[in-house]
Amino acid sequence: MNIWTYTIIIGILTFLSRYLVIAYANTKTYSETTKKVLSYVPSAVFPSLIFPAVFYENDVLIFYSGEVLAFTAAVIVSIIFKNIFLTVITGISIYLFIIFI
């Protein structure tokens, strides 16, 4: 599968993981500890979907590719600037620059 298929599938799964918790969970019936633990579920699901798409190619672990370089740059930008828009634009721009060189 290509990167766009992965991106669409990851977007749908991330949306569903957040939506189902919000739509069907009655927060008044849970303790504060349970609510705090459940708030981390979407954050735990997202990396488990992203990492295989970035670091695996044909069932082989890779560390040098356009996806890995763009991912690394996006992580660095997100840590420094803490801006989602800038992070996404940086990752996409670097990936497109690498594949069209």
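This is a predicted model: local features need pLDDT of at least 70, side-chain atom pairs count only at pLDDT 80 or more; totals for chains, interfaces and linings use all residues.
Which exposed residues does the face of helix 5 turned away from its buried side carry? They are F85 and F97.

Start with length. Helix 5 covers residues 84-99, which makes 16 residues. At 1.5 Å a residue, helix 5 should span 22 Å. The C-alpha atoms at its ends lie 23 Å apart, which agrees with that expectation.

Now take the buried side. T87, T90, G91 and Y95 are the buried residues of helix 5. Viewed down the helix axis, they fall within an arc of 120 degrees, so they line one face of the helix. The cover over these buried residues includes helix 1 and helix 4. Turned away from that buried side are the exposed F85 and F97.

Follow the cover to helix 1, residues 3-24. F15 has its place in this helix.

T72 is found in helix 4. Is T72 buried, partly exposed or exposed? Its relative accessible area is 37%. Buried means under 20% and exposed means over 50%, so T72 counts as partly exposed.

T72 and P42 are 30 residues apart in sequence. In space, their C-alpha atoms are 21 Å apart.

Technical notes:
Residues are numbered from 1 along each chain as its sequence is written. Side-chain values use heavy atoms; hydrogens and water are left out. Helices (H or I, at least four residues) and strands (E, at least two) are DSSP runs, numbered from the N terminus. The expected span of a helix is 1.5 Å times one less than its number of residues. Buried means under 20% relative accessible area, exposed over 50%, partly exposed in between (1.4 Å probe, protein chains only). The arc is that of the directions from the helix axis to the C-beta atoms. Contact means heavy atoms within 4.5 Å.
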